[in-house]
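Work through the exercises below with the sequence and model at hand. Try each task before reading its solution.

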Amino acid sequence: MITIVTGTDTGVGKTVATAALAVAAGPSTIAVKPAQTGAATGDSDAAAVRRLAGCAVAEFVRLDDPLAPDTAARLRGIDIPPVAEHATRIRDLARTHRTVLVEGAGGLLVRLDTEGGTLLDLAADLVRDQPVAVHVVTRLGLGTLNHTELTVAALRSRGLEPAGLVLGAVPEVLDQAEEHNLAELPRVTGVPVVAALPAGAGALAPQRFREQARSWLRTAGPRRL
């Protein structure tokens with residue numbers, strides 16, 4: 001099974017969501033980051049997933065600057081593989097792993113290569129011959145309805161129905177917008193909320209993260225994961 005983890009924007013909690021999904025998926029899971037930017041700072045989403053979930057990880061491309069992958073590559077005059085090559089590598093991993101989690105960079109239409117290929121293109125390529133689930137990680141606060149609807153609409157334009165929405169960082173106390181958006185997000189998108197990750201989850205010790213991760217998914221409806 002291949003699961004795509006995309007987001008409505010950068011910083012919405014995709015990496016923590018990927019780690020939680022990896023815990024729920026269990027053994028024989030690998031998390032893939034097709035393009036990691038900002039590598040010069042030492043930050044790595046794949047390393048964070050490995051630390052939190054304890055699963056295998058893979059990075060296909062590493063770029064120093066904290067920019068969109070195609071921008072970071074052009075800035076340094078670096079050639080990076082097209083998304084079709086990423087799709088081939090992911091298919092190979094799917095033959096040897098029960099679950100392959102693919103974490104995007106930024107939002108769904110951020111370009112992963114210098115030919116204009118996006119995570120949406122990657123998902124559309126994979127779904128031709130693989131079972132693919134797409135989870136959309138989103139914020140709960142003001143502004144999320146527009147961003148989430150746009151992301152869901154883009155997926156549906158390519159024949160991809162999202163498996164569920166993941167709330168990437170839910171505060172302990174909700175403000176008015178957050179309270180109402182719990183109901184509004186599934187209403188306006190037609191996509192269920194299948195997981196709610198508490199704010200600060202990524203800072204938990206790995207053992208505690210693994211102990212709690214399934215409950216975050218169960219609370220929001222694990223049958224859809």
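Ser28 is partly exposed, with a relative accessible area of 38%; buried means under 20%, exposed over 50%, and partly exposed in between (1.4 Å probe, protein chains only). The model is predicted, so local features need pLDDT of at least 70 and side-chain atom pairs pLDDT 80 or more, while totals for chains, interfaces and linings use all residues. Residues are numbered from 1 along each chain as its sequence is written, and side-chain values use heavy atoms, without hydrogens and water.

**Exercise 1. Give the strand order of the open sheet.**

Solution. 
- Step 1: Two strands pair if DSSP finds at least two bridges between them.
- Step 2: The order of the 7 strands is S3-S2-S4-S1-S5-S6-S7, with parallel pairing.
- Step 3: Strand S3 (56–62) and S7 are the edge strands, each pairing on one side only.
- Step 4: Ignoring direction, neighbouring strands of this sheet are turned by 20° against each other on average. Axes are lines fitted to C-alpha atoms, for helices over the stretch in contact; angles run from 0 to 180 degrees between N-to-C directions.
- Step 5: S2 and S3 run parallel and share 6 bridges. Ile30 has Ala56 in S3 as its bridge partner.

**Exercise 2. Is strand S5 (residues 132–138) buried or exposed?**

Solution. 
- Step 1: Count. 7 of the 7 residues of S5 are buried, so the strand is largely enclosed by the rest of the structure.
- Step 2: Find the partners. Strand S1 (residues 2–7) is joined to S5 by 6 bridges, and Thr6 has Val136 as its bridge partner in S5. S5 and S6 are joined by 4 bridges, with Thr138 partnered by Leu167 in S6.

**Exercise 3. Determine the handedness of the crossover from S5 to S6, then of that from S6 to S7.**

Solution. 
- Step 1: Point the strands away from the viewer. A crossover is right-handed if the path from the first strand over the helix to the second runs clockwise.
- Step 2: From S5, the chain passes through helix H6 (residues 144–157) to S6; this β-α-β crossover is right-handed.
- Step 3: Strand S6 (residues 164–170) and strand S7 (residues 193–198) run parallel, joined by 4 bridges. The chain goes from S6 through helix H7 (residues 176–189) to S7, and this β-α-β crossover is right-handed.

**Exercise 4. Characterise the largest pocket.**

Solution. 
- Step 1: Set up a 1 Å grid over the protein atoms alone. A pocket is an open set of points with protein on both sides within 12 Å along at least five of seven lines; lining residues have an atom within 4 Å of a point.
- Step 2: The largest pocket holds about 380 Å³ of space. Its volume is the space filled by probe spheres set on the points, which are joined across faces, edges and corners.
- Step 3: Of the 25 lining residues, Thr10, Gly11, Lys14, Lys33 and Asp45 are closest to the centre.
- Step 4: H1 and S2 each supply at least two lining residues.

Definitions and conventions. 1 Å grid on protein atoms, 1.4 Å probe; cavity = no way out; pocket = protein on both sides within 12 Å on 5 of 7 lines; lining within 4 Å.
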